[in-house]
Amino acid sequence: MEFDEVLAKAVKEEISREEALFLLEETKAIDRYLKLFRAASHVRENEVGNIFKFDGFIGTITPCTTSPPCMYCGRSASPESFSNVLTPDEVAIGAQLIEATGTRRVEVGGGTLWSGADNLVLEAVRAVRNVTKLEVWVNVGPCLSKRTLEEFKSLGVTEVCSSLETINEKVFKEVKPGDNFHTRTEFAKTIKETGLKLTSVMMVGIGSSFRDYVNHIFWLKEIGVDHFCITGFNPIPGTPLETHMPAASYEVAKVIAVSRLVLRKADISIGGIMNDPQLLPLAVMAGASRAIHLGAHVHRPGRWAQRYRCVESKQLHSLEFINLLPLTVRIVRGMGMRAESSIEEALGGVSN
């Protein structure tokens with residue numbers, strides 16, 4: 001198998017499992033990274049276009065009762081995390097602030113309430129839809145009934161997330177000892193059966209192998225993932241994994257690029273260690289087409305440390321509003337892409 005031949009084929013058609021693994025294993029030097037990124041960018045432009053999507057985020061809307069907490073999660077350092085959830089009125093305020101930025105869709109997210117989060121999530125979704133025209137997608141884990149999923153369709157919910165982080169069940173049990181792999185995979189299938197779009201998450205850097213990444217990508221392809229979020233592990237002080245090496249940004253980017261060569265029409269977004277505006281160009285080069293926490297978001301104060309003066313931020317009593325779009329849209333435009341027209345219009349024309 002020849003590297004350049006595989007990439008030449010990839011520009012025209014989807015690569016195989018063996019070719020995906022080959023690219024992950026053999027992309028080691030600068031010239032090969034550049035060739036891989038060029039192919040992935042070409043596929044993105046041909047298959048999904050040259051528009052980069054920025055979602056909003058509102059959270060936390062549900063507490064988390066996963067016990068013990070996931071080893072990488074802030075809850076394992078601060079048990080009260082995810083306990084101070086937003087009220088429907090606060091969710092509505094957040095939605096209006098985010099819509100004013102030109103954002104078209106918003107994630108309402110929270111922890112997994114294993115006893116069932118149907119009512120809390122429905123209240124949050126209705127709060128958004130009552131005061132805005134935002135599309136909504138939900139990320140609270142496998143704690144929603146099929147009846148609620150059916151109701152989502154009439155409420156303007158476009159996607160629901162079932163996040164695995166890893167397809168390797170051994171690694172899953174090690175880093176997510178209180179979670180349930182089978183429940184999450186079945187929930188992903190139920191989302192698709194209900195007729196909603198499926199979002200799912202893979203985390204690079206928690207012990208999965210290249211083969212695990214490939215198996216994960218092709219499992220998602222088989223069930224029909226619509227939005228694939230690829231995150232990089234970022235250690236949180238006080239957690240059991242605080243001394244674990246963070247994911248390398250170039251490794252995350254390599255997985256993004258190979259994912260694009262397989263999941264050619266899916267939205268591919270970034271998270272974790274990649275939630276840094278200065279790493280956004282790398283994600284764009286690798287074939288990403290979407291970001292959540294690099295747009296506008298609303299949460300309890302103190303969850304996001306402002307590092308850039310050009311970022312809009314404000315405090316409204318118990319809420320913090322952060323808008324990175326003046327910075328991140330400028331970065332995306334500098335990479336030859338544009339944000340969705342409503343965001344560009346709200347910014348009044350961002351210069352490079």
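The buried residues of helix α3 are covered by elements that include α1 (3-12), α2 (17-26), α10 and α11 (280-285). In this predicted model, the residues of α3 that are buried are Y33, L36, F37, A39, A40, S41, V43 and R44. Helix α3 itself runs over residues 30-47, and its 18 residues reach 26 Å from the first C-alpha to the last, close to the 26 Å expected at 1.5 Å a residue. Just after the helix, G49 adopts a positive phi of about 95°.

Strand β7, residues 227-232, is mostly covered, with 6 of its 6 residues buried. Both of its faces are covered: H227, C229 and T231 are buried on one side, and F228, I230 and G232 on the other.

Strand β7 has a partner in β6 (residues 197-204), with which it pairs in the parallel sense over 6 bridges. Within this pairing, M202 stands opposite I230 of β7. Together with helix α9 (residues 210-223), β6 and β7 make a right-handed β-α-β unit. Strand β7 also pairs with β8 (residues 267-272), in the parallel sense and over 6 bridges; here T231 stands opposite G271 of β8. From β7 the chain crosses through helix α10 (residues 249-262) to β8, and this β-α-β crossover is right-handed.

Charged side chains provide a further set of links. Side chains of opposite charge can pair when their charged atoms come close. A search of the whole structure finds 26 salt bridges. In one of them, the side chains of R105 and E340 meet at 2.3 Å, N to O. R105 belongs to strand β3 (residues 105-109) and E340 to the loop between β13 (338-339) and α13 (341-347), so this pair ties together parts that are 235 residues apart in sequence. Both R105 and E340 are buried.

A second salt bridge joins E151 and R126, whose closest N and O atoms are 2.6 Å apart. This pair links distant parts of the chain, since E151 lies in helix α6 (residues 146-154) and R126 in helix α5 (residues 118-131), 25 residues apart. E151 counts as partly exposed because its relative accessibility is 29%. R126 is likewise partly exposed, with a relative accessible area of 32%.

The side chains of R184 and D179 also meet in a salt bridge, at 2.8 Å from N to O, and both residues are buried. Finally, salt bridges that share partners join K53, D55, R104, R105, E159, D267, R290 and E340 into one network.

Technical notes:
Residues numbered from 1 in each chain as written. Predicted model: local features only at pLDDT ≥ 70, side-chain atom pairs only at ≥ 80, totals over all residues. Heavy atoms only, no water. Buried < 20%, exposed > 50% of the residue type's maximum accessible area, 1.4 Å probe, protein only. Helix = DSSP H or I, 4+ residues; strand = E, 2+ residues; numbered from the N terminus. Pairing = 2+ DSSP bridges. Right-handed = clockwise from strand over helix to strand, strands pointing away. Expected span 1.5 Å × (residues − 1). Contact = heavy atoms within 4.5 Å. Salt bridge = Lys/Arg side-chain N within 4 Å of Asp/Glu carboxyl O.
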